[in-house]
Amino acid sequence: MRYVTVKATKVPILGFGTWDVFGAEGRRTIEEALSQGYRHIDTAQMYGNENQVGAAIRSSRIDRSELFVVTKIDNANHGRAATRHSTEESLRRLRTDYIDLLLIHWPSRTVPLVGTLETMAALRREDKVRNLGVSNFTTTLLADAVEVCGADLLCNQVEYHPFLPQRRVRAAVARYGMMLTAYSPLAKGRAARDPVLNAIGKTYGKTASQVALCWLIGQDAVAAIPKASNREHMMDNLAALDFTLTAEDRAAIDRLGDLNGRVNDVPEWSPVWDKD
Ligand code: NAP
């Protein structure tokens with residue numbers, strides 16, 4: 001495994017996404033990912049699967065110190081009391097003493113950011129959480145968190161793949177010395193069908209999905225968390241660690257960003273995204 005190192009924290013550069021991974025089948029999927037070598041697991045209170053993640057971690061017998069467990073505060077749990085209570089519930093469901101990275105899943109339009117962030121910082125002082133971050137934060141929201149609230153954040157997790165350049169968010173994250181975690185890094189399967197990524201992949205003996213992941217993790221302070229329920233997909237995605245792209249191929253992939261293709265539905269609580 002390779003790592004992103006930011007603010008003295010080592011984060012496995014390829015993680016395993018668990019959205020839509022449920023129940024006994026979901027637990028087996030996470031167990032398989034751990035047995036293949038994934039050490040960074042991305043879950044969320046909203047996914048309703050922290051129990052399965054906790055059970056899979058427990059049965060894997062992998063030393064806790066080797067794992068990087070990420071969860072996210074649900075939209076209903078912003079504010080001081082709910083942030084504390086829900087994080088303690090996450091710890092119980094995940095069967096762990098600490099969360100490696102606790103994120104605010106989505107910004108709130110109604111609950112002031114400061115109470116949530118200060119409670120997260122208190123949980124970090126108590127060693128229940130090791131690192132703090134946000135998800136789906138625009139450049140304005142990031143500035144509010146860092147400059148207004150003085151938050152010390154490790155990460156902003158946002159949709160990022162070859163069809164969505166995220167230039168402004170990437171620049172802001174770099175300005176604050178943070179990392180960016182790319183969610184939906186395979187554009188929910190669209191990468192596998194893209195002719196440019198397929199053509200580049202042929203020259204390396206790699207698939208289009210592996211090319212997309214290699215392009216992402218070849219950037220400074222970027223990690224990616226592909227989700228795969230298929231065992232071969234899981235393995236293929238890890239093999240994105242085995243090669244590097246030429247500058248020419250990277251430039252060809254950069255140009256796909258002009259399509260500006262966000263693949264996730266925009267929920268009603270979504271912020272107004274930065275225009276690249
Ligand atoms: P994704 O990882 O971009 O794509 C997942 C899809 O790609 C699945 O249909 C999967 O199929 C397929 N796939 C995986 N590997 C493949 C391969 N090597 N070749 C071909 N197809 C492949 O999408 P995602 O699940 O939206 O994003 C990943 C993770 O990011 C989520 O699971 C979640 O943890 C996180 N996320 C966070 C947020 C947020 O708001 N913070 C939002 C969305 C997602 P199979 O399952 O059949 O293998």
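The legends below describe close-up views of a predicted model. Local features need pLDDT of at least 70 and side-chain atom pairs pLDDT 80 or more, while totals for chains, interfaces and linings use all residues. Residues are numbered from 1 along each chain as its sequence is written, and side-chain values use heavy atoms, without hydrogens and water.

**View 1. The largest pocket.** A pocket is an open set of points on a 1 Å grid over the protein atoms alone, where a 1.4 Å probe fits, with protein on both sides within 12 Å along at least five of seven lines; lining residues have an atom within 4 Å of a point. The space in the largest pocket is about 930 Å³, a volume being the space filled by probe spheres set on the points, which are joined across faces, edges and corners. Its lining has 39 residues, and Trp-19, Ser-184, Lys-188, Lys-227 and Asn-264 are the closest to the centre.

**View 2. The ligand in its place.** The ligand takes up the space of the largest pocket (more than half of its atoms lie within 2 Å of the grid points). Around the ligand are 30 residues (each with a heavy atom within 4 Å); Asp-42, Ser-184, Lys-188, Ser-229 and His-233 come nearest.

View 3. A polar contact is a pair of N or O atoms within 3.5 Å. A polar side-chain atom of Asn-237 is 2.8 Å from a ligand nitrogen atom. Ligand oxygen atoms lie 2.9 Å from a polar side-chain atom of Asn-136 and 3.2 Å from a polar backbone atom of Thr-18.

Technical notes. A polar contact is a pair of N or O atoms within 3.5 Å; within protein, one must be able to donate a hydrogen and the other to accept it, and residues adjacent in sequence count only if both atoms are side-chain atoms.
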